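Here is a short report on one protein chain. Please keep the sequence and the structure at hand while reading.

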Amino acid sequence: MPKNSKVTQREHSNEHVTESVADLLALEEPVDYKQSILNVAGEAGGKQKAADEELEAEDRPAWNSKLQYILAQIGFSVGLGNIWRFPYLCQKNGGGAYLVPYLVLLVIIGIPLFFLELAVGQRIRRGSIGVWHYVCPRLGGIGFSSCIVCLFVGLYYNVIIGWSIFYFFKSFQYPLPWSECPVIRNGTVAVVEAECEKSSATTYFWYREALDISNSISESGGLNWKMTLCLLVAWSIVGMAVVKGIQSSGKVMYFSSLFPYVVLACFLVRGLLLRGAVDGILHMFTPKLDKMLDPQVWREAATQVFFALGLGFGGVIAFSSYNKQDNNCHFDAALVSFINFFTSVLATLVVFAVLGFKANIMNEKCVVENAEKILGYLHTNVLSRDLIPPHVNFSHLTAKDYTEMYKVIRAVKEDRFASLGLDPCLLEDELDKGTGLAFIAFTEAMTHFPASPFWSVMFFLMLINLGLGSMIGTMAGITTPIIDTFKVPKEMFTVGCCVFAFFVGLLFVQRSGNYFVTMFDDYSATLPLTVIVILENIAVAWIYGTKKFMQELTEMLGFRPYRFYFYMWKFVSPLCMAVLTTASVIQLGVTPPGYSAWIKEEAAERYLYFPNWAMALLITLIVVATLPIPVVFVLRHFHLLSDGSNTLSVSYKKGRMMKDISNLEENDETRFILSKVPSEAPSPMPTHRSYLGPGSTSPLETSGNPNGRYGSSYLLAGTPESEL
């Protein structure tokens, strides 16, 4: 065959193969054949060796240090959810009782699957699309679904960063703008804003000044220009942080990952010194044991584990793909998981200490207001002075005295008690009020701090950094697999993603935007994410093979991971996730999806169900996020989409050639591997290609070394160039 000719099409295939080895060598400098290896993986495990050699040869970016990598993983996993969602779930689901299901699910699902994602990313050194295509080509759609879920989460997550930016800039004034209700002046008459008077100053500022929210999701109300500008700032910051990949984002992580811990430590010390802080912490650790048996609590705990560790998003895989293959990812998994849980508990201590302080202040305010009511009833003879215990002093009325007085009046005036309008003023009731922890409850508590603007600036700067760290990981879950797979220009694609996401994100900065945030956060991302995590587990444990995976981990790490992971990956984790997914679907069927709407006229929240068009949008989002999985499976099952098993890819570098069979399925590999008896597995290559099996004798081999210096690898046959 002439030197410049191409290899003909393979039999039964419409795809062209790469140039012949001779063609490639003709364009290169002379090669020392004694130093060249053509490895077509003729032995068991040769597939992995071929993949290893190609991966080592490629020029892939790497972390500057182990510390930078760990900070990146911490920055991605520790996010806004650790600061407000975890404390909110603790408060909602029984305080310390919630820690039990969370810890159980963290151990049997969270840590094993986090280790799994770290390991496959580090071993294969690809983004999520490449990783799951390698593990199981028919489940290659998992990677595409991960990218879509990352997009959904990134769209609304950056809106939350925008909210934090708005509050951050509003914090540079004293008193804080949400500390008092606005006063409307009409000539000489000054009237407090009715909506604020019916609710509270912080609630009014959040719903009216910040969001300018509409009464329902059906009322768009147009764009909120303040939040639109904040969203633009947020995407600009994210874009600058990720435009250069890990070269730029890695440096950002030193500050964005460490600064929140400095702020949390300051808040913890300050919070513990506040009056009532102990009451809040005791309330947190007082378990409501009945909650431990509630399936809803376990489902919410599982969702929090997924979001806390970033499972299924692809960010964990993307970050670990830039590691060296001998990195101890087992230690990384345990370390990051512990730091994540520690951060959640630390943030919860801070939140409940501050909320305990706020609850005491609000409880004292409640006692004063209701004591004035009782004094009014005494002066108008509605109540008899005989109902007041003799030791009660209205000038120095304590919460204990008021509670005693309240019980006496309620017992005596049982038939007319409701008309008196007296509140019990219980500290526990105030501690149970946690709606909007970050932007309502916590901001209100900070108004009572000395030097409140300083603490507010620090708090929202912390939220911005926490959100930025998570957004860097989320963007990596989108950009890394796309760039790896389609070889698009990194900077151009990253900037394009940020611009596209900003314009789509305008949906969330309408006056009704907060309701869309609820839709995406509570529903559109949660169910697809659970499906993705289940399929990841199945792909590795049941299709690729747990034993095989454990053996490769042993070779990569230099030690064998605990058998605990084998049983978790193989049995426990998929079973638990299947049960939780079933419970989620049943929950959606029993309780139609809805959202908490703020009704301006009532100055109160009301739970509303999504209208039909919103339900159609919600279902569409879930379908779009999961659709790549069955589509890729069907296309590859019926051979409508190549899985890489029908092409021979030869890569070469400085006289070293490797055959990539990393994408071959088990049945396809046998067609390429020559057995010791050539007739048992004829070569699918054209006859002018001459490959020698591991048991064959090459003309280049000497009698003194029957296996040659190349061991079990295939040798480049010493045929004349005309035969090639």
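This is a predicted model: local features need pLDDT of at least 70, side-chain atom pairs count only at pLDDT 80 or more; totals for chains, interfaces and linings use all residues.

## Disulfides

The model holds 2 disulfides. Counted along the chain, the bonded cysteines pair as 1-2, 3-4. Cys147 takes part in no disulfide. The nearest cysteine sulfur belongs to Cys150 and is 6.6 Å away.

Cys181 sits in the loop between α7 (141-170) and β2 (183-186), while Cys196 is in helix α8 (residues 194-198). The bond therefore ties together parts that are 15 residues apart in sequence. Cys181 is partly exposed at 25% relative accessibility. Cys196 is buried at 1%.

The other disulfide joins Cys366 and Cys425, again with sulfur atoms 1.9 Å apart. Here the S-S torsion is about -80°, so the bond is left-handed. This pair links distant parts of the chain, 59 residues apart. Cys366 lies in helix α15 (residues 329-379). Cys425 lies in the loop between α17 (417-420) and α18 (427-431). Both cysteines are buried: Cys366 at 11% relative accessibility and Cys425 at 6%.

## Nonpolar cores

The largest nonpolar core has 176 residues. Trp132, Val135, Phe459 and Trp569 have the most contacts inside it. Contacts of Trp132 include Leu116, Val120, Ile317 and Val540. A second, separate core has 19 residues. Among them are Cys366, Ala371, Tyr402 and Leu420.

## Annotated binding site

An unreviewed UniProt entry annotates Gly75, Val78, Asn82, Asn340, Leu466 and Ser470 as "binding site". Why do these residues gather at one spot? They span 396 residues in sequence, yet no two of their C-alpha atoms are more than 12.6 Å apart, so they come together in one place.

Asn82 is in helix α4 (residues 80-92). It is buried, at 1% relative accessibility. Its contacts include Asn340, Ser344 and Ala347. A polar atom of the Asn82 side chain lies 2.9 Å from the backbone nitrogen of Gly79.

Ser470 is in helix α20 (residues 452-486). It is also buried, with a relative accessible area of 5%. Ser470 touches Gly75 and Val78, among others. Tyr157 is another of its contacts. The side chains of Ser470 and Tyr157 make a polar contact at 3.4 Å.

Methods. Residues are numbered from 1 along each chain as its sequence is written. Side-chain values use heavy atoms; hydrogens and water are left out. UniProt positions are given in the numbering used here, feature names are shortened, and annotations may be inferred rather than shown by experiment. Helices (H or I, at least four residues) and strands (E, at least two) are DSSP runs, numbered from the N terminus. Buried means under 20% relative accessible area, exposed over 50%, partly exposed in between (1.4 Å probe, protein chains only). Contact means heavy atoms within 4.5 Å. A polar contact is a pair of N or O atoms within 3.5 Å; within protein, one must be able to donate a hydrogen and the other to accept it, and residues adjacent in sequence count only if both atoms are side-chain atoms. A nonpolar core is a set of buried Ala, Val, Leu, Ile, Met, Phe, Trp, Tyr and Cys residues joined through side-chain atoms within 4.5 Å. A disulfide is a pair of cysteine sulfur atoms within 2.5 Å. Lists of a residue's contacts leave out its neighbours within four places in sequence.
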